[in-house]
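Colleague: I am new to this one. Could you walk me through how to read it?

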Amino acid sequence: MTGPDRNPGVGGPDGQGVLEIDDLTIAYGDHTVIDGLSWRTGGAGALITAVLGPSGCGKSTLIRAVAGLERPAAGTVRFDGEDLAGIEVHRRDFGVVFQDGQLFGGRSVAANIAYGLKMRRWPRRRIADRVSELLDVVGLPGYEKRSVDTLSGGQAQRVALARALAPHPRLLLLDEPLAALDRRLRDELAVEISEIVRAAGVPTVVVTHDHAEAATMADVIAVMRDGAMVQVAQPSTLWTRPVDEWTARFLGATTVVDATLHDGVAETVLGDLRLDLPDGSRRLGLRPESVEVARTPDAVDVRSLATVVLVAELPSGPRVRIETVVGEIDAIATESVSIGDRVRLRLVPDRVAVIG
Amino acid sequence: MTRATNTGPGATARGDNWGPARRGGTLAGRIAVRLVPALFITILFAWPLIALIRRAYRIASESGARLEDLLARTDAWSLLGITVGQAAASMVLALLAAAPIAWLYAHIGGRVAVILAVVVTVPFVLPTVVVGVAFRSLLTGPLSFLHIESGLGAVLAAHVFLNVAVVVRVVGAAWRNLDPRLLEAARTLGAGRVKATMTVVVPRLLPAIAGAATLIFLFCSTSFGVVLILGAGELRTLETEIYTQAIGYFRLPEAVVLSMLQIVVVFAALLLTRVFSDPAGAGSAGGGGRRGAAAVVAGWPARLAMAAAATWTVVLLVGPVAVLIVRSLRPSAGGDWTFAGYRALAEPVNGVTPLESLRYSLVSAGSATLIALVVGTLAAVSLFRARGVLGAIASTISLIPLGISAVTLGFGYLIVLASMPYAIAASPAVIPCVQALIAIPLVIRIMVPALESVPVRLRQAAATLGAPPLRVFTTVDLPIVGRSLGAAAGFAFVMALGEFGATSFLARADTTTLPVLIGSALNRPGAENLATAMAASVVLVAATTLAVLLVEALRPRTEVPLL
């Protein structure tokens, strides 16, 4: 989950590229999608922000509102202190990349990238230079004359990114830019897009439902649920300290157990683990990576005993499902085990999500 | 299709049934499916046209009259110019007048869209004589100050009224299917609303616009009822002149020569239609959902534009019909309200009362609908199965009757039937068959896509479960295409009900349809005759509107390709 090297220096001086949303409400007819959302992002150390949430949570609507494609029923959207309410879509100078590119069919790659520059009446020579410069940036040099109808999905998204970046937008909005691509291409392009955007130094908001993608690309992740921001944090914080059980589960926790903390030791029904937290009771979210199992020597804590019910050999090592006192949970095996084996489980302190 | 019934549960449901199920029927079934429509179209379409051409050839060789002389005597070249010119002008005006309505249609959803579809479609399927009567009542009534009671202006106005539907249903549907995010993408790149529409949306709609334009050109170059009534002798086109020469003066050689010219015009227009009716013109499938499109037009400027477009729709499409209804009840401006016109429906015009001819019209249109459904569905099934060049040729041929000049066809029938025994020439089946022929292309155009929408796997599943071909059709295809069949029936019925060009050649006293009767009532002087024509027209408007409402209610969720 560690993305490319983050460079907090990039991202402009404080107060630059800051997006402020206050009390935003958006409704389609009687259906309120976003109800009184307030959120602030951007500025130093937060060049790329991800809005992460399940489908239907209103995250796309949110950035469509920032772009000016949705009309808020109430609330304000400001960018660098300027209220955007009276500014029409085409005067905002925000670049948008849509889920499936929305390239203008039947035209060349160059014509697509040049579109925004023509609207800004750039001279022809400068347009040609800018187009080839961007094609270099997105790794498609020499593609000017190609018809966009002949591009693969990944290439199309690169061209869409180039088209959005060409007019030097003040803010870049990416609406699920990789959702239509297959897994491998997605991982590859997520890294690449974040590098391109960082190199260009354009403040960016990316909307996604994939937490790995969010973590790969963004400096800050805002988790959204039912039209509201649930938690805004750096990726590492998000994994270890999700704000509530829903967030923990949304970020991959499959099991939640109660823990009682005393002198830096958390007691749970699955055994104890060291957690450097104040005394009291907490809840812990467990992802498969949070639980390690090994074949059992005799005489161990009965709470940590389990039986293997399923084994899947994954490239990263064996993944197992074990029967425990709290039911079946997923875990990773540190040595090879088979179905029916009695095993001992261990909770890994660094990989456990402490809720709240 | 009978032999396949031996595949009962006990029979070899696995092996034997694969062949026929895949190839689409038993031998007898396959022959029936192809032969019936082929025979029908040959006898009713090709025969009269060939008879006409042969007659023309004989005239040319016997009389020694040179073709140039005949052409000169009939003023053919200037008629050709007028025909093409008024069709082109109608096309341009209809595109301009319909543009705001197509925009409106593309940007509304739900029940309002259905209402708009009805409002737009009714004028298109109204009998042309009714449109003629409506515009006469409009132009001699509320719009009399324009002084275009008849002639080119009146004809152009009526053509626009008739053909708005073509633009809205072809261009509007393509526009509707366009992903709204395409426009949004252009907007985020710095293009204003108008500029984004012109640079991104319009280029994508061009194929649809060209398709609609050529269709309108085709329809207007064969327009008969409207030109006859509103042209009132001042505007003569090839179509009306064929009728005048053949029926009015019984100058067959002249009529035949003009028919030949008209056939050339129609084939040229049809060719253009085929070239421009690119299936890709229907726009990219899918679309980002209606919600997005509705969002684009939020805000008061867009609402104002929508209100303006809706007002324009009402004025243009509802106005003439409303005036017709009012004037049928109040024949002279400022005069008394009266049911006299409606009472006159029981009094004879040319020996037949309008009510009698209405009854005949309904019976005849009903029979025509049945014939068109059977033949059209069979043709659709065989076209749907046909692949490759043969399929393309068959599909083009089956659509020709849609564009062919009805007057030419009617004239061809007149010649063929004259050489027939009385039993055939006077057969009550003639008019329903001719009306069915006009309606068949429409049935085919609706049913082929409907059949294509049936998942192939579903048919294969039914076949593997032991259903013979006919059972596959009745248990798998029919339930899915049932709604389309209903829509096809509705459209076939209104087409048959309003048919005027061919029927006016063939109608006898006892087979006078209501449109033909309205036509002859209009030719007689006097306010009473106009009142009767208006009342009869209102009856036809009501029947047509009912049928269109029914069609829209039955409409499958996918767009019925009307044109």
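Modeller: Start with one strand pair. Strand β3 (residues 48-52) of chain A is joined to strand β8 (residues 204-208) of chain A by five bridges, and the two run parallel. Strands here are DSSP E runs of at least two residues, helices are H or I runs of at least four, and both are numbered from the N terminus. Two strands pair if DSSP finds at least two bridges between them. This is a predicted model, where local features need pLDDT of at least 70 and side-chain atom pairs count only at pLDDT 80 or more, while totals for chains, interfaces and linings use all residues. Residues are numbered from 1 along each chain as its sequence is written, and chains are lettered from A and ligands numbered from 1 in the order in which they are written.

Colleague: Which residue is the bridge partner of Ala50(A) in β8(A)?

Modeller: In general, strands of a sheet pair through backbone hydrogen bonds, either parallel or antiparallel. Here, Ala50(A) has Val206(A) as its partner.

Colleague: What is the order of the six strands in the open sheet of chain A?

Modeller: Read it as β6-β7-β8-β3-β9-β10, with mixed pairing. β6 (94-97) and β10 (228-233) of chain A are at the edges; each has a single partner strand, so one side of each lacks a neighbour in the sheet. From one strand to the next, the twist averages 20°. Angles run from 0 to 180 degrees between N-to-C directions, with axes fitted as lines to C-alpha atoms, for helices over the stretch in contact.

Colleague: Which helix packs on the sheet?

Modeller: Helix α4 (residues 153-165) of chain A does, touching β6 and β7 (171-175) of chain A. Its direction makes about 170° with that of β6(A). Contact means that C-beta atoms, placed from the backbone, lie within 7 Å.

Colleague: Is Asp23(A) buried or exposed?

Modeller: Count C-beta atoms, placed from the backbone, within 10 Å of the residue's own: 20 or more others means buried, 12 or fewer exposed, and in between partly exposed. Asp23(A) counts as exposed because 12 C-beta neighbours lie inside 10 Å. This residue is in strand β1 (residues 19-28) of chain A.

Colleague: Where does Asp226(A) lie?

Modeller: Asp226(A) is in the loop between β9 (220-225) and β10 of chain A. With 14 other C-beta atoms within 10 Å, Asp226(A) is partly exposed.

How values were computed:
Two residues are in contact if their C-beta atoms, placed from the backbone, lie within 7 Å.
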